[in-house]
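Me: I would like to learn how to read a chain interface. Please take me through one.

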Amino acid sequence: MNVNEVARLIKRYADEVKIVGTRQVFAATDKERYIEALAALRDNDLKHLTTITGVDRGDTIEIIYHIHCGESLLNLKLALPKTDLEIETVTDIFPGAILYERDLMEMLGVQVRGHPDPRRLFLPDDWPKGVYPLRKEVKK
Amino acid sequence: MGLMYFFRRKSPWILHFNTGGCNGCDIEVVAALTPRYDVERLGIVRKGSPRHADILLVTGPITRQSRDRFLRIYEQTPEPKVVVAVGNCPTSNCVFNGCYNVVGPLDKHVPVDVYVPGCPPIPEAIIDGVLKALPRLGR
Amino acid sequence: MTFIIPIGPQHPALEEPTHFRIEVKGEEIVGVDLRLGYVHRGIEKALTERPYAHGFYLSQRVCGICNATHSLAFTRAVESVAGVECPDRARYIRVIDAELERIHSHLLWAGIAAHEIGFTTLFMLLWRDREHALDMRELLFGNRIYATGTYLGGARVDIEQKHIPQLTRALAELEKSTKHYIDVCTSDRTIIARCTGVGVLTKKDARELCAVGPTARASGVDFDIRRDDPYAAYDEILFDVVTERDGDVLAKVVVRLREILESIEIIRQAIDAMPKGPIRAKFPENVPENEAVGRVEAPRGELMYYVRSNGTNKPERVRIRTPSYANWPSVRPMLVGGTIAEIPIVVASIDPCFSCTDRVTIVDAKTGKSRIETKEELRRLRK
């Protein structure tokens with residue numbers, strides 16, 4: 001799928017659809033629609049979730065789903081306020097997301113509801129609880 | 001002691017342990033086994049168990065999670081043992097200095113006998129480091 | 001009754017010394033569990049605490065084997081954040097750099113695979129020929145392992161004309177021996193018996209679990225970033241994306257060896273087509289606020305960097321997704337249903353890295369008693 005087709009497809013589920021260069025689409029969705037959006041992508045045979053990125057933006061945490069769409073890459077953003085860091089798991093849509101969501105939980109403290117295996121992935125066994133290394137407030 | 005030292009010096013057995021390194025040194029350690037460098041001609045044999053080893057080759061900065069495992073392996077290695085720090089990471093943390101999960105360098109945790117600097121050191125340097133470590137086995 | 005077999009974490013050869021807990025029923029594997037994190041150094045955080053020029057060197061040291069592609073992916077993301085265009089000659093230097101690395105990485109992996117099935121002669125031969133690729137890296141870029149040709153805004157060093165004949169000779173040598181190894185791997189009885197039908201990853205599983213690189217291509221997934229999202233000079237070079245259908249270990253071996261031949265062709269084309277000119281554009285110290293994704297095809301598959309800048313000389317966030325990380329979920333369907341003796345070769349087949357001295361502890365789940373076995377002993381268990 002090229003960028004225009006991807007942009008057309010995602011427009012129903014997201015705002016601020018922005019085409020960057022010839023190969024990338026950035027779009028912002030919200031908590032009501034992101035599951036629908038990802039399911040719609042899967043139903044269009046876009047099954048490769050490249051990764052999930054979490055970015056600490058101060059008051060919010062931005063979660064970006066990077067989906068490989070053949071010729072292009074879709075970056076679907078979801079902003080969460082730090083007071084309400086809970087999302088639904090997407091492992092039933094993209095089974096390959098299982099490690100990325102574990103990563104998100106331990107590095108940024110986002111709660112993923114319904115995750116089949118919410119254990120620690122990278123951090124050592126004696127890592128203090130409630131400290132999320134990729135948060136901005138964590139300094140050396 | 002004299003006879004055992006003679007044998008150990010003629011054919012030291014090596015255990016290689018990665019404490020969180022990037023793999024660059026590890027592949028150079030393995031490259032030292034292969035035809036161009038071929039350390040087995042010098043009697044140096046690589047082993048899988050710390051209980052068989054005389055020399056511990058350590059690569060990588062020490063990460064929090066691997067520290068305890070490394071200390072256990074260090075204790076399992078019988079005396080006399082020699083520790084060789086391969087690469088810049090166990091020597092000085094290299095580029096990983098200041099990372100939250102790195103608790104190195106190696107000499108903070110165990111005594112180190114030989115340092116082989118380089119990122120990564122070439123196989124010749126690693127072999128030379130091991131040979132320099134041999135007299136320390138007779139302590 | 002099932003037993004749990006923990007493997008690792010003293011697994012010096014794995015890229016991430018990983019801890020596996022493998023549940024077995026008799027000889028058959030029924031479950032796989034994974035604990036990563038022994039090599040977790042916190043690079044994503046560290047990259048945000050360093051200026052771009054320093055981060056460039058740190059990004060290489062994510063992985064010692066695919067360091068050129070790591071620096072290339074970081075550079076690609078940072079250059080699109082900063083809006084810097086790389087000069088034409090540098091784009092070709094980057095291709096030569098990345099493909100030399102692919103050759104040495106695939107030969108390294110094939111050697112390890114040979115070692116895992118107890119074929120040490122082939123391991124030694126493959127590693128002997130790998131030295132040709134390393135020699136070329138040393139000749140062109142100055143070091144055996146950490147020798148990247150890429151730099152922020154262009155290339156780090158220029159390729160001198162006087163080195164080209166030597167490079168061509170080494171490529172001819174590598175081509176001859178790789179063709180021989182493809183013959184060996186598809187006709188030798190030992191290899192066929194140990195690799196056919198072992199560790200099968202179906203196309204459906206490969207797509208659902210988002211496998212990347214040769215692991216996915218061996219299962220028939222036609223996916224290669226060099227073609228799908230071209231970078232450096234790949235859009236001006238002709239090459240085939242190698243795929244196989246079977247998805248077993250043999251298919252993964254063949255895909256990688258055939259990719260070496262493709263890489264050799266790519267380097268030859270790049271040498272011929274390389275234009276003259278400057279090799280580096282100026283890279284600004286402070287980068288305006290922006291975000292970008294840079295993807296490249298590392299030897300092990302799709303490698304992704306996400307960079308967000310904030311107007312200073314340090315990035316605000318860098319996300320790295322390495323190919324081995326993406327391939328871990330695929331290990332489960334490959335192992336389940338197989339036997340204990342297949343563990344080393346199947347785990348190695350996704351190319352987590354090379355392996356030598358890992359040990360396995362067999363714990364009796366009922367009595368809790370354990371015994372330690374080295375991989376040598378495990379190898380003897382195989383029929």
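Me: How many salt bridges does the rule find across the interface of chain B and chain C?

Reply: A salt bridge is a side-chain nitrogen of Lys or Arg within 4 Å of a carboxyl oxygen of Asp or Glu. Across the interface of chain B and chain C the rule finds 3. One pairs B:Glu28 with C:Arg144, their closest N and O atoms 2.8 Å apart. This is a predicted model: local features need pLDDT of at least 70, side-chain atom pairs count only at pLDDT 80 or more, and totals for chains, interfaces and linings use all residues. Side-chain values use heavy atoms, without hydrogens and water, residues are numbered from 1 along each chain as its sequence is written, and chains are lettered from A and ligands numbered from 1 in the order written.

Me: What area do chain B and chain C bury between them?

Reply: Buried area is the accessible area (1.4 Å probe) that two parts lose on being put together, summed over both. Here that is about 3,500 Å², with 62% on carbon and sulfur atoms. Contact means heavy atoms within 4.5 Å. Chain B gives 43 residues and chain C gives 44.

Me: Where do the axes of α2(B) and α5(C) stand relative to each other?

Reply: Helices are DSSP runs (H or I, at least four residues), numbered from the N terminus. Axes are lines fitted to C-alpha atoms over the stretch in contact, and angles run from 0 to 180 degrees between N-to-C directions. Helix α2 (residues 24–31) of chain B and helix α5 (residues 120–141) of chain C have axes that come within 11 Å and cross at roughly 115 degrees. B:Ile27, B:Val30 and B:Ala31 meet C:Phe123, C:Trp127, C:Arg130 and C:Glu131 there.

Definitions and conventions. Helix = DSSP H or I, 4+ residues; strand = E, 2+ residues; numbered from the N terminus.
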